[in-house]
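Please keep the sequence and the coordinates in view while reading.

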Amino acid sequence: MDDLDGVAKRGAPWKRMSKEELENQYSPSRWVVRLGAEEALRTYSQIGNEATKRAQATGRNLLDVPYGDGEGEKLDIYFPEAVSEALPFLMFFHGGYWQSGSKDSSAFMVSPLTAQGVAVVIVAYDIAPKGTLDQMVDQVTQSIVFVQKQYPGNQGIYLCGHSAGAHLAAMMLLANWTKHGVTPNLKGFFLVSGIYDLEPVMHTSENASLLTTLEDAQRNSPQWHLKTAPTQPVDPACRILVTVGQHDSPEFHRQSRELYQTLCRGGWKASFEELHDVDHFEILWNLTQKDYVLTQVGCIPSPWTECILL
């Protein structure tokens with residue numbers, strides 16, 4: 001096989017792959033094990049829509065709250081029954097390769113977490129082609145600043161992202177909060193099946209809408225900036241959980257493991273979990289279940305939420 005665009009066989013493993021293999025590695029739906037690719041995507045959308053409708057039906061929410069001036073800069077806040085100013089908040093950033101997905105179908109974890117006293121915030125951002133990667137990172141930053149300012153007495157803000165959303169959440173490890181006039185009370189990061197080095201994506205069909213240049217990819221790759229960050233920009237006690245599904249592709253596994261290793265070398269309080277017998281999409285489907293390992297809170301030991309409410 002010819003190497004990708006003649007790249008020499010050295011360095012990162014993806015550089016030794018053909019275009020076809022790289023495309024395959026960065027197409028999560030091709031790695032599902034129980035459903036066909038199209039059926040998996042339909043099921044993913046259906047479960048997200050149903051979970052969101054159930055969460056909205058409780059009435060314990062604020063929907064389409066603007067966190068900025070842009071039309072797409074809105075978020076939904078779901079509250080537990082016992083509302084107070086001292087709640088922990090989990091903020092979720094959806095995936096979709098930065099070009100699909102919506103907050104209106106992403107409330108997977110709302111019911112199990114609000115039942116345990118956690119407020120959940122589902123954030124919208126301008127996906128491509130309307131939004132650029134730089135704009136998305138800025139919008140996610142704005143949304144966190146908004147929640148901190150609205151609820152300054154919170155017991156902690158926990159960031160969670162899936163796939164492209166995990167990338168956006170990871171970029172917050174590098175955010176300069178000083179220029180926003182507030183330092184959010186960040187207590188944990190949950191990075192689920194994410195991409196943290198964007199350069200390989202440039203060489204796949206996913207870049208058709210993103211139109212990412214090498215400079216864009218490098219500027220927005222937390223994997224590389226964390227390697228050179230002189231200091232940790234958030235509380236060093238903040239916990240970071242990097243997870244990947246057992247049936248995610250080898251490249252998704254590599255991306256997650258290398259980010260975890262970089263965090264450990266930098267002194268971050270990080271842990272890594274390969275979630276048993278789930279693929280890229282089943283991880284989110286399972287978040288609707290109160291007894292799933294990633295939605296357990298309180299006294300139940302869990303790699304996901306053992307730090308919430310402590």
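Two residues are in contact when heavy atoms of theirs lie within 4.5 Å. The model is predicted, so local features need pLDDT of at least 70 and side-chain atom pairs count only at pLDDT 80 or more, whereas totals for chains, interfaces and linings use all residues. Residues are numbered from 1 along each chain as its sequence is written, and side-chain values use heavy atoms, with hydrogens and water left out.

Leaving aside neighbours within four places in sequence, Ser-221 is in contact with Met-171, Tyr-196, Asp-197, Leu-198 and Glu-199. Ser-221 is found in the loop between α7 and α8 (222-228); helices here are DSSP runs of H or I with at least four residues, and strands are runs of E with at least two, numbered from the N terminus. With a relative accessibility of 1%, Ser-221 counts as buried, a class that covers values under 20% relative accessible area, while exposed means over 50% and partly exposed lies in between (1.4 Å probe, protein chains only). A polar atom of the Ser-221 side chain lies 2.9 Å from the backbone nitrogen of Leu-198.

The charged side chains come next. Side chains of opposite charge can pair when their charged atoms come close. A salt bridge is counted where a side-chain nitrogen of Lys or Arg is within 4 Å of a carboxyl oxygen of Asp or Glu, and the count by this rule is eight.

How far apart are the closest N and O atoms of Asp-216 and Arg-219? The distance in this salt bridge is 2.6 Å. Because they are three residues apart in helix α7 (residues 214-219), Asp-216 and Arg-219 are separated by about one helical turn. Arg-219 is partly exposed, at 38% relative accessible area.

A salt bridge also joins the side chains of Arg-254 and Glu-251, with 2.7 Å from N to O.

The salt bridge between Asp-126 and Lys-130 spans 3.8 Å from N to O. Asp-126 is buried, at 14% relative accessible area, whereas Lys-130 is exposed, at 54%.

The last topic is the pockets. On a 1 Å grid over the protein atoms alone, a pocket is an open set of points with protein on both sides within 12 Å along at least five of seven lines, and its lining residues have an atom within 4 Å of a point. The largest pocket has a volume of about 470 Å³, volume being the space filled by probe spheres set on the points, which are joined across faces, edges and corners. Its lining comprises 22 residues, with Leu-41, Tyr-44, Gly-96, Ser-100 and Phe-281 nearest the centre. Helix α2 (residues 37-57) gives the most to this lining of the largest pocket, namely four residues.

The second largest pocket holds about 240 Å³ of space. Of the 13 residues lining the second largest pocket, Val-137, Thr-141, Ala-175, Asn-176 and Lys-179 are the closest to its centre. Helix α4 (residues 133-150) supplies the largest share of the lining of the second largest pocket, four residues.

Notes:
Polar contact = N/O pair within 3.5 Å; in protein donor to acceptor, adjacent residues only side chain to side chain. 1 Å grid on protein atoms, 1.4 Å probe; cavity = no way out; pocket = protein on both sides within 12 Å on 5 of 7 lines; lining within 4 Å.
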